[in-house]
Amino acid sequence: MIEAVGLTKRYGDKTAVYNLSFQVRPGAVTGFLGPNGSGKSTTMRMILGLDNPTSGQVTIGGYPYRKLPNAPRQVGALLDAKAVHGGRAARNHLLSLAQLSGIPARRVDEVLGVVGLHEVARKRSKGFSLGMGQRLGIAAALLGDPQVLLFDEPVNGLDPEGILWVRNLMKSLASEGRTVFVSSHLMSEMAVTADHLIVIGRGQLLADMSIKDFISANSADFARVRTPDTEPQLREKLSAALTESGGHVMPEQDGALRVTGLPLPRISDIAHDSDVRLWELSPHQASLEEAYMRMTQGAVDYRSTVDQKEGLMQQLPPGAQPPMPVPGQGQPGWYAPPPPQQGGQPFGMPQGQPMAPGQPAPQGQQAPQGPYGAPVSPGAAPGAPGAGAPNPYAQQAPQGPAQPAAQAPAQPPAPPTAAPEKPSAPAAAPTTPEDAR
Ligand SMILES: Nc1ncnc2c1ncn2[C@@H]1O[C@H](COP(=O)(O)OP(=O)(O)OP(=O)(O)O)[C@@H](O)[C@H]1O
């Protein structure tokens, strides 16, 4: 288990992480979500002993990383897939990491099979595609057969097949009882990968909850109602009638109305009673990406200066409800879809679920040891199981296509921040203590 308590990191006058407390438990994929610059990588570096906290502490299995006995065998991480010596063959790169950590050479071939890079094992990594580089970084993380794994944005730049492969790998590692902590800024990806979510914004904890709770708290039902385009007065009439009946009405970009707080049959009756013809009346669920953006909208450091949000600037039709204000957040005159619990917690924290973890798991709890990738025959195709023993990770699970990457949040430009440029990530695999900065 990974446990952070009051973790704070300052770089000069920039506070990258502030008073962060959370636990990452074994047997689950824990998604670490936050907008760009929210402190995810800084937190991961502190977990791995590559950066010292300004205050607070973070431990793995009760030890700070640097005091962890035989750390490379217990913790594996992918921080930056590009942090490899490009002139070295993939196998040699892994071999050198293995030798530094006293890991036998045969394990190198095992992990090459696990990530499906066996056929290119003797090729220099500088010719690798982004996806192959990610696989090589993941192979390095798996070398020590560790119980604790950290992946910083492992699907960045991957194609749908690669995303699906990483997703299934995370899940199978967790199903073996390992602790899997994976950062991302894509809610849509975490929704289908993670069991648990830790969300941060500007270095502070915004939410710590199971994905199930996040979904039930944030997937509000709403109805889309569309009146004939040719008769705008009907739209206004219906909007007023729905509002009068206790509904919350907001305009959609395409001229339809988004209605919450009224069941579909009631909306139909109100339209009928108001003599308004409908071209559409359909049930919908707010997307998790929207809920996540709502949660983090006040904690986004970097915004596009390109005006991409005209659709959100529509005038409210007569009778329409203004957006729910999110205390201390959001931009005046702008709005995201309303939170599902009107008048309640803007982030819809489920009952009895604290913002910060409240149930410490027993210290030193050991996850059950699962079977690990058995050697794969040298002729095995990349990503395919070997001809000998089955390869649990290289196999494609029969699932649907990966979800497309979400649109960047449409937000007005924020005032420039004085944040210094982010330095490049550590230049070597974090499993080698020698590389610690
Ligand atoms: N070594 C450093 N010196 C100064 N500032 C830093 C340093 N490392 C990080 N920061 C700053 O701390 C903040 C958090 O950065 P961090 O890289 O941890 O965010 P992140 O959530 O991983 O972002 P991204 O999703 O863009 O990778 C940023 O404002 C960044 O510029």
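Leaving aside the neighbours within four places in sequence, the contacts of Lys237 are Ser274 and Val276, a contact meaning that the C-beta atoms of two residues, placed from the backbone, lie within 7 Å. The model is predicted: local features need pLDDT of at least 70 and side-chain atom pairs count only at pLDDT 80 or more, while totals for chains, interfaces and linings use all residues. Residues are numbered from 1 along each chain as its sequence is written.

Lys237 belongs to helix H9 (residues 232-244). Helices (H or I, at least four residues) and strands (E, at least two) are DSSP runs numbered from the N terminus. Lys237 counts as partly exposed because it has 19 C-beta neighbours inside 10 Å. For this classification a residue is buried if 20 or more other C-beta atoms lie within 10 Å of its own, exposed if 12 or fewer, and partly exposed in between, with C-beta atoms placed from the backbone. Between Lys237 and Ala271 the C-alpha to C-alpha distance is 9.0 Å, although they are 34 residues apart in sequence.

## The chain as a whole

The protein chain contains 11 helices and 13 strands. Of its 437 residues, 45% are buried. When contacts between residues at least 6 apart in sequence are considered, 74% join residues at least 24 apart.

## The mixed sheet

An open sheet of 6 strands has the order E5-E6-E7-E3-E8-E9, with mixed pairing. Strand E5 (75-78) and strand E9 (204-210) are at the edges with a single partner strand each, so one side of each has no neighbour in the sheet. On average, neighbouring strands here are turned by 15° against each other, direction ignored. Two strands are taken to pair if DSSP finds at least two bridges between them.

In E5, Val75 and Ala77 point one way and Gly76 and Leu78 the other way, and all are buried. Leu78 stands opposite Phe151 in E6. Elsewhere in the sheet, Gly31 has Leu197 of E8 as its bridge partner.

Helix H1 (residues 40-47) lies across E3, strand E6 (148-152), strand E7 (179-184) and E8, and runs at about 150° to E6. Axes are lines fitted to C-alpha atoms, for helices over the stretch in contact, and angles run from 0 to 180 degrees between N-to-C directions.

## The antiparallel sheet

A sheet of 4 strands, also open, is ordered E11-E12-E10-E13 with antiparallel pairing. Its edge strands, strand E11 (248-251) and strand E13 (280-285), each pair on one side only. Asp221 stands opposite Gln285 in E13. Across E10, strand E12 (257-260) and E13 lies helix H10 (residues 264-273), at about 155° to E13.

| Strand pair | Sense | Bridges |
|---|---|---|
| E3 (residues 28-33) and E8 (residues 196-201) | parallel | 4 bridges |
| E5 and E6 | parallel | 4 bridges |
| E10 (residues 221-226) and E13 | antiparallel | 6 bridges |

## Burial and the nonpolar core

Helix H11 (residues 288-296) is mostly covered, with 8 of its 9 residues buried. The buried residues of H11 are Leu288, Glu289, Ala291, Tyr292, Met293, Arg294, Met295 and Thr296. Their cover includes E3, helix H7 (187-193), E8, E9 and helix H8 (211-218).

The largest nonpolar core has 102 residues, and those touching the most other members are Ile47, Leu94, Val111, Ala139, Leu143, Leu197 and Val259. Helix H6 (residues 160-175) gives the most to this core, with 8 residues. A nonpolar core is a set of buried Ala, Val, Leu, Ile, Met, Phe, Trp, Tyr and Cys residues joined through C-beta atoms within 7 Å.

## Positive phi values

Most residues other than glycine have a negative phi. Asp145, not a glycine, has a positive phi of about 50°. Asp145 is in the loop between helix H5 (130-142) and E6, and is partly exposed because 17 other C-beta atoms lie within 10 Å.

Asp275 likewise has a positive phi, near 65°, without being a glycine. The loop that holds Asp275 runs between H10 and E13. With 10 other C-beta atoms within 10 Å, Asp275 is therefore exposed.
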